[in-house]
Amino acid sequence: MKRGLGRLGLLLGGVVLSLGLAEGLVRVLGLAPDIGFLSVNRPQGSFVASVDEVLRYVPMPGSPGVSGQGLRDRDHDIAPDSVSVAVLGDSIGWGFCNWDGPLPLEDGFPWLLEESLGVDVINLSVSGYDTRQEVRMLEVAGLQFGPDVVLVAATPNDRWPMASNEFELLHRQEGWEEHRQLSALRKNVLYRFHLTRLLLVRFAEPAPPEPALGTDSDDPVDAGFRRLKRLAAEHDFEIRVALFPDPKAPSDHLEEQIAAHGLTSLDMSKVLTDRGDHYSPCSAMHPNTEGHRLAAEALAPFVAEALPR
(Lines give C-alpha, C1' and ligand atoms only; values in the text may rest on other atoms or scores of the structure.)
Protein backbone atom coordinates (compact mmCIF):
# COMPACT_ATOMS: atom_id res chain seq x y z
CA MET A 1 0.00 0.00 0.00
CA LYS A 2 2.76 2.41 1.00
CA ARG A 3 4.74 1.47 -2.10
CA GLY A 4 1.68 2.24 -4.27
CA LEU A 5 1.16 5.62 -2.63
CA GLY A 6 4.85 6.40 -3.11
CA ARG A 7 4.62 5.63 -6.81
CA LEU A 8 1.49 7.74 -7.14
CA GLY A 9 3.26 10.64 -5.40
CA LEU A 10 6.24 10.31 -7.74
CA LEU A 11 3.89 10.22 -10.74
CA LEU A 12 2.00 13.34 -9.63
CA GLY A 13 5.25 15.12 -8.84
CA GLY A 14 6.56 14.27 -12.29
CA VAL A 15 3.40 15.59 -13.94
CA VAL A 16 3.56 18.86 -11.98
CA LEU A 17 7.26 19.27 -12.79
CA SER A 18 6.67 18.54 -16.48
CA LEU A 19 3.84 21.04 -16.69
CA GLY A 20 5.94 23.67 -14.92
CA LEU A 21 8.84 23.13 -17.32
CA ALA A 22 6.51 23.22 -20.33
CA GLU A 23 4.87 26.42 -19.06
CA GLY A 24 8.27 28.05 -18.63
CA LEU A 25 9.47 26.91 -22.06
CA VAL A 26 6.36 28.20 -23.86
CA ARG A 27 6.61 31.48 -21.92
CA VAL A 28 10.33 31.96 -22.71
CA LEU A 29 9.93 31.10 -26.40
CA GLY A 30 6.83 33.27 -26.71
CA LEU A 31 4.83 30.50 -28.39
CA ALA A 32 1.47 31.43 -26.85
CA PRO A 33 -0.35 34.18 -28.77
CA ASP A 34 -1.00 37.33 -26.81
CA ILE A 35 -4.67 38.01 -26.12
CA GLY A 36 -5.32 41.71 -25.77
CA PHE A 37 -8.19 43.56 -24.19
CA LEU A 38 -10.83 45.37 -26.17
CA SER A 39 -11.00 49.00 -25.18
CA VAL A 40 -12.90 52.17 -25.86
CA ASN A 41 -11.40 55.63 -25.47
CA ARG A 42 -13.65 58.67 -25.37
CA PRO A 43 -13.31 62.16 -23.85
CA GLN A 44 -15.68 61.11 -21.05
CA GLY A 45 -13.53 58.10 -20.12
CA SER A 46 -11.51 55.07 -21.19
CA PHE A 47 -12.74 51.53 -20.51
CA VAL A 48 -11.59 47.99 -21.17
CA ALA A 49 -13.64 44.83 -21.60
CA SER A 50 -13.74 42.65 -18.49
CA VAL A 51 -13.92 38.87 -18.28
CA ASP A 52 -16.31 39.29 -15.34
CA GLU A 53 -19.77 38.26 -16.56
CA VAL A 54 -21.49 40.92 -14.45
CA LEU A 55 -19.16 43.88 -14.90
CA ARG A 56 -18.51 43.37 -18.62
CA TYR A 57 -16.23 46.44 -18.67
CA VAL A 58 -14.14 48.44 -16.20
CA PRO A 59 -12.25 51.75 -16.19
CA MET A 60 -8.82 51.58 -17.82
CA PRO A 61 -6.23 51.86 -15.01
CA GLY A 62 -3.93 54.83 -15.44
CA SER A 63 -6.04 56.50 -18.13
CA PRO A 64 -6.93 60.20 -17.66
CA GLY A 65 -8.92 60.63 -14.46
CA VAL A 66 -8.52 56.97 -13.45
CA SER A 67 -6.13 55.81 -10.75
CA GLY A 68 -3.65 52.97 -11.00
CA GLN A 69 -6.18 50.97 -8.95
CA GLY A 70 -8.68 51.36 -11.80
CA LEU A 71 -10.94 53.78 -9.94
CA ARG A 72 -12.30 57.20 -10.86
CA ASP A 73 -10.34 58.52 -7.89
CA ARG A 74 -6.89 58.90 -6.46
CA ASP A 75 -5.03 55.82 -5.27
CA HIS A 76 -6.06 54.79 -1.74
CA ASP A 77 -4.08 52.85 0.83
CA ILE A 78 -5.63 49.48 1.58
CA ALA A 79 -6.20 49.87 5.32
CA PRO A 80 -9.32 47.90 6.29
CA ASP A 81 -9.07 49.00 9.94
CA SER A 82 -9.34 52.71 9.11
CA VAL A 83 -12.69 54.48 8.78
CA SER A 84 -13.81 54.79 5.17
CA VAL A 85 -16.79 55.23 2.87
CA ALA A 86 -17.32 53.52 -0.50
CA VAL A 87 -19.42 55.25 -3.15
CA LEU A 88 -21.27 53.10 -5.69
CA GLY A 89 -22.74 54.83 -8.71
CA ASP A 90 -22.96 55.33 -12.43
CA SER A 91 -22.23 58.38 -14.57
CA ILE A 92 -23.24 60.83 -11.82
CA GLY A 93 -20.70 59.40 -9.36
CA TRP A 94 -18.23 59.18 -12.25
CA GLY A 95 -18.57 62.94 -12.73
CA PHE A 96 -19.89 62.78 -16.29
CA CYS A 97 -20.83 66.23 -17.58
CA ASN A 98 -21.30 65.95 -21.36
CA TRP A 99 -19.69 64.25 -24.35
CA ASP A 100 -16.79 66.71 -24.23
CA GLY A 101 -15.58 65.17 -20.99
CA PRO A 102 -16.21 64.68 -17.27
CA LEU A 103 -15.82 67.21 -14.49
CA PRO A 104 -12.40 67.38 -12.81
CA LEU A 105 -12.03 64.73 -10.11
CA GLU A 106 -11.75 67.42 -7.43
CA ASP A 107 -15.18 68.80 -8.39
CA GLY A 108 -17.09 65.52 -8.01
CA PHE A 109 -19.20 64.92 -4.92
CA PRO A 110 -17.16 61.84 -3.78
CA TRP A 111 -13.97 63.93 -3.61
CA LEU A 112 -15.76 66.82 -1.87
CA LEU A 113 -17.40 64.39 0.54
CA GLU A 114 -13.99 63.08 1.55
CA GLU A 115 -12.81 66.62 2.28
CA SER A 116 -15.91 67.30 4.36
CA LEU A 117 -15.94 64.04 6.36
CA GLY A 118 -12.20 63.79 6.91
CA VAL A 119 -12.16 60.05 6.12
CA ASP A 120 -11.24 58.07 3.03
CA VAL A 121 -14.04 58.08 0.46
CA ILE A 122 -13.38 55.48 -2.24
CA ASN A 123 -15.22 56.22 -5.45
CA LEU A 124 -16.23 52.95 -7.15
CA SER A 125 -18.64 54.63 -9.57
CA VAL A 126 -18.43 53.61 -13.24
CA SER A 127 -20.27 55.42 -15.99
CA GLY A 128 -23.11 53.30 -17.38
CA TYR A 129 -23.31 50.71 -14.60
CA ASP A 130 -26.63 49.44 -13.26
CA THR A 131 -27.11 48.57 -9.59
CA ARG A 132 -26.07 44.93 -10.00
CA GLN A 133 -22.80 45.99 -11.62
CA GLU A 134 -22.19 48.62 -8.96
CA VAL A 135 -22.48 46.04 -6.19
CA ARG A 136 -20.25 43.65 -8.11
CA MET A 137 -17.66 46.44 -8.38
CA LEU A 138 -17.81 46.71 -4.59
CA GLU A 139 -17.10 42.99 -4.30
CA VAL A 140 -14.25 43.03 -6.81
CA ALA A 141 -12.54 46.29 -5.92
CA GLY A 142 -14.10 47.86 -2.82
CA LEU A 143 -14.35 45.34 0.01
CA GLN A 144 -10.56 45.24 0.33
CA PHE A 145 -10.75 48.75 1.81
CA GLY A 146 -13.10 47.59 4.59
CA PRO A 147 -15.69 50.38 4.18
CA ASP A 148 -17.79 51.33 7.19
CA VAL A 149 -20.48 52.90 5.02
CA VAL A 150 -21.48 52.14 1.43
CA LEU A 151 -23.24 55.05 -0.26
CA VAL A 152 -25.24 54.17 -3.38
CA ALA A 153 -25.77 57.05 -5.79
CA ALA A 154 -28.97 55.71 -7.36
CA THR A 155 -30.83 56.99 -10.42
CA PRO A 156 -34.11 55.83 -12.04
CA ASN A 157 -32.24 54.45 -15.07
CA ASP A 158 -30.46 51.91 -12.85
CA ARG A 159 -33.38 49.58 -13.69
CA TRP A 160 -32.20 49.22 -17.29
CA PRO A 161 -29.66 46.36 -17.41
CA MET A 162 -26.67 46.74 -19.71
CA ALA A 163 -28.06 49.87 -21.35
CA SER A 164 -24.81 51.84 -21.19
CA ASN A 165 -23.22 53.62 -24.09
CA GLU A 166 -19.81 52.39 -22.92
CA PHE A 167 -20.78 48.72 -23.14
CA GLU A 168 -22.48 49.18 -26.51
CA LEU A 169 -19.30 50.70 -27.95
CA LEU A 170 -17.31 47.68 -26.76
CA HIS A 171 -19.92 45.11 -27.73
CA ARG A 172 -20.10 46.39 -31.31
CA GLN A 173 -16.37 46.17 -31.85
CA GLU A 174 -15.03 43.57 -34.23
CA GLY A 175 -13.56 40.78 -32.16
CA TRP A 176 -16.07 40.81 -29.29
CA GLU A 177 -16.91 37.11 -29.78
CA GLU A 178 -13.22 36.20 -29.98
CA HIS A 179 -12.67 38.16 -26.79
CA ARG A 180 -15.35 36.11 -25.04
CA GLN A 181 -13.96 32.82 -26.34
CA LEU A 182 -10.34 33.52 -25.47
CA SER A 183 -10.67 35.57 -22.29
CA ALA A 184 -10.26 32.52 -20.06
CA LEU A 185 -6.89 31.75 -21.64
CA ARG A 186 -4.99 34.87 -20.53
CA LYS A 187 -3.48 33.60 -17.28
CA ASN A 188 -1.77 30.37 -18.31
CA VAL A 189 0.38 30.49 -21.44
CA LEU A 190 0.62 26.70 -21.82
CA TYR A 191 -3.17 26.39 -21.64
CA ARG A 192 -3.38 29.26 -24.12
CA PHE A 193 -0.83 27.63 -26.46
CA HIS A 194 -2.80 24.39 -26.78
CA LEU A 195 -6.36 25.72 -26.67
CA THR A 196 -5.83 28.48 -29.22
CA ARG A 197 -4.72 25.78 -31.66
CA LEU A 198 -7.85 23.82 -30.83
CA LEU A 199 -9.92 26.96 -31.38
CA LEU A 200 -8.21 27.58 -34.72
CA VAL A 201 -9.27 24.11 -35.84
CA ARG A 202 -12.85 24.48 -34.48
CA PHE A 203 -13.27 28.23 -35.01
CA ALA A 204 -16.23 27.64 -37.27
CA GLU A 205 -18.22 26.38 -34.29
CA PRO A 206 -20.44 29.03 -32.70
CA ALA A 207 -19.36 30.76 -29.47
CA PRO A 208 -21.37 30.21 -26.30
CA PRO A 209 -24.61 32.18 -26.60
CA GLU A 210 -24.33 35.83 -25.60
CA PRO A 211 -26.85 36.73 -22.88
CA ALA A 212 -29.60 38.85 -24.40
CA LEU A 213 -29.06 42.51 -23.58
CA GLY A 214 -31.73 44.16 -21.50
CA THR A 215 -33.91 41.07 -21.09
CA ASP A 216 -32.75 39.84 -17.68
CA SER A 217 -35.89 38.81 -15.82
CA ASP A 218 -34.30 39.80 -12.50
CA ASP A 219 -34.51 43.57 -12.01
CA PRO A 220 -30.90 44.81 -11.56
CA VAL A 221 -31.96 47.19 -8.77
CA ASP A 222 -33.64 44.46 -6.71
CA ALA A 223 -30.85 41.99 -7.45
CA GLY A 224 -28.22 44.56 -6.55
CA PHE A 225 -29.87 45.62 -3.30
CA ARG A 226 -30.41 42.00 -2.23
CA ARG A 227 -26.75 41.24 -2.78
CA LEU A 228 -25.65 44.49 -1.12
CA LYS A 229 -27.64 43.69 2.03
CA ARG A 230 -26.05 40.24 2.24
CA LEU A 231 -22.59 41.79 1.87
CA ALA A 232 -23.42 44.37 4.55
CA ALA A 233 -24.31 41.56 6.96
CA GLU A 234 -21.15 39.62 6.11
CA HIS A 235 -18.73 42.58 6.18
CA ASP A 236 -20.40 44.79 8.77
CA PHE A 237 -21.04 48.04 6.93
CA GLU A 238 -23.97 50.46 6.81
CA ILE A 239 -25.88 51.21 3.60
CA ARG A 240 -27.09 54.65 2.59
CA VAL A 241 -28.79 55.56 -0.69
CA ALA A 242 -28.76 58.98 -2.39
CA LEU A 243 -31.57 59.14 -4.96
CA PHE A 244 -30.53 61.47 -7.77
CA PRO A 245 -33.29 62.73 -10.11
CA ASP A 246 -33.54 62.07 -13.83
CA PRO A 247 -35.86 64.46 -15.72
CA LYS A 248 -36.48 61.79 -18.35
CA ALA A 249 -37.53 59.03 -15.94
CA PRO A 250 -39.85 59.13 -12.90
CA SER A 251 -38.30 57.99 -9.63
CA ASP A 252 -41.47 56.59 -8.03
CA HIS A 253 -40.65 52.94 -8.70
CA LEU A 254 -37.07 53.29 -7.49
CA GLU A 255 -38.30 54.99 -4.32
CA GLU A 256 -40.62 52.02 -3.73
CA GLN A 257 -37.76 49.56 -4.26
CA ILE A 258 -35.52 51.41 -1.82
CA ALA A 259 -38.30 51.41 0.79
CA ALA A 260 -39.13 47.74 0.16
CA HIS A 261 -35.53 46.81 0.98
CA GLY A 262 -35.65 48.91 4.14
CA LEU A 263 -32.80 51.18 3.09
CA THR A 264 -32.21 54.69 4.41
CA SER A 265 -32.27 57.22 1.58
CA LEU A 266 -31.92 60.93 0.82
CA ASP A 267 -33.94 62.52 -1.99
CA MET A 268 -31.46 64.64 -3.95
CA SER A 269 -34.23 66.27 -6.03
CA LYS A 270 -34.83 68.50 -3.01
CA VAL A 271 -31.20 69.60 -3.19
CA LEU A 272 -30.69 69.92 -6.94
CA THR A 273 -33.65 72.15 -7.70
CA ASP A 274 -32.43 74.53 -10.40
CA ARG A 275 -31.93 73.09 -13.89
CA GLY A 276 -29.75 76.02 -14.92
CA ASP A 277 -27.61 76.75 -11.88
CA HIS A 278 -27.16 73.11 -10.84
CA TYR A 279 -26.85 71.33 -14.21
CA SER A 280 -25.96 73.58 -17.16
CA PRO A 281 -23.78 73.16 -19.24
CA CYS A 282 -23.82 69.45 -18.32
CA SER A 283 -26.44 67.12 -19.79
CA ALA A 284 -29.97 66.87 -18.40
CA MET A 285 -29.41 64.46 -15.48
CA HIS A 286 -25.76 65.23 -14.68
CA PRO A 287 -25.03 67.94 -12.11
CA ASN A 288 -22.45 70.61 -12.84
CA THR A 289 -19.72 71.73 -10.44
CA GLU A 290 -22.19 73.66 -8.30
CA GLY A 291 -24.60 70.71 -8.30
CA HIS A 292 -21.88 68.36 -7.06
CA ARG A 293 -20.89 70.86 -4.38
CA LEU A 294 -24.48 71.03 -3.12
CA ALA A 295 -24.79 67.24 -3.28
CA ALA A 296 -21.66 66.77 -1.16
CA GLU A 297 -22.90 69.39 1.31
CA ALA A 298 -26.20 67.54 1.76
CA LEU A 299 -24.62 64.08 1.85
CA ALA A 300 -21.98 64.85 4.46
CA PRO A 301 -24.30 64.80 7.54
CA PHE A 302 -26.38 62.01 5.97
CA VAL A 303 -23.31 59.77 5.74
CA ALA A 304 -21.65 61.01 8.93
CA GLU A 305 -24.49 59.76 11.10
CA ALA A 306 -23.81 56.22 9.88
CA LEU A 307 -20.06 56.30 10.55
CA PRO A 308 -18.69 54.61 13.69
CA ARG A 309 -18.46 56.94 16.65
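**Close-up views of a predicted chain**

**View 1. The disulfide of the structure.** One disulfide (a pair of cysteine sulfur atoms within 2.5 Å) is found when the whole structure is searched. The bond joins C97 to C282, with an S to S distance of 2.1 Å. An angle of -95° about the S-S bond makes the link of C97 and C282 left-handed. The two cysteines lie in distant parts of the chain, 185 residues apart: C97 is in strand β5 (residues 96–98), and C282 is in the loop between α10 (275–279) and α11 (289–304). C97 counts as buried because its relative accessibility is 7%. C282 also counts as buried, at 10% relative accessibility. Buried means under 20% relative accessible area, exposed means over 50%, and partly exposed is in between, with a 1.4 Å probe and protein chains only.

The model is predicted: local features need pLDDT of at least 70, side-chain atom pairs count only at pLDDT 80 or more, and totals for chains, interfaces and linings use all residues. Residues are numbered from 1 along each chain as its sequence is written, and side-chain values use heavy atoms, with hydrogens and water left out.

**View 2. The chain as a whole.** The chain has eleven helices and ten strands. Helices (H or I, at least four residues) and strands (E, at least two) are DSSP runs, numbered from the N terminus. Of the 309 residues, 47% count as buried. Among contacts (heavy atoms within 4.5 Å) between residues at least 6 apart in sequence, 75% join residues at least 24 apart. The chain exposes about 15500 Å², and carbon and sulfur atoms supply 56% of this area. Accessible areas come from the Shrake-Rupley method with a 1.4 Å probe; for residues, only the protein chains shown count as cover.

**View 3. The sheet of three strands.** Strands in the order β1-β2-β3 form an open sheet with antiparallel pairing. Two strands pair if DSSP finds at least two bridges between them. β1 (39–42) and β3 (57–59) are the edge strands, each pairing on one side only. Neighbouring strands of this sheet are turned by 25° against each other on average, direction ignored. Four bridges connect β1 with strand β2 (residues 45–49) in the antiparallel sense. R42 stands opposite G45 of β2.

View 4. Strand β4 (residues 84–88) runs parallel to strand β8 (residues 149–154), and four bridges join them. The bridge partner of V85 in β8 is V149. Axes are lines fitted to C-alpha atoms, for helices over the stretch in contact, and angles run from 0 to 180 degrees between N-to-C directions.

**View 5. The surroundings of N123.** N123 lies in strand β7 (residues 120–123). N123 counts as buried because its relative accessibility is 3%. The side chain of N123 reaches the backbone oxygen of G93 at 3.1 Å. Not counting residues up to four places away in sequence, N123 touches L71, R72, D73, V87, G93 and P110.

Technical notes
Polar contact = N/O pair within 3.5 Å; in protein donor to acceptor, adjacent residues only side chain to side chain.
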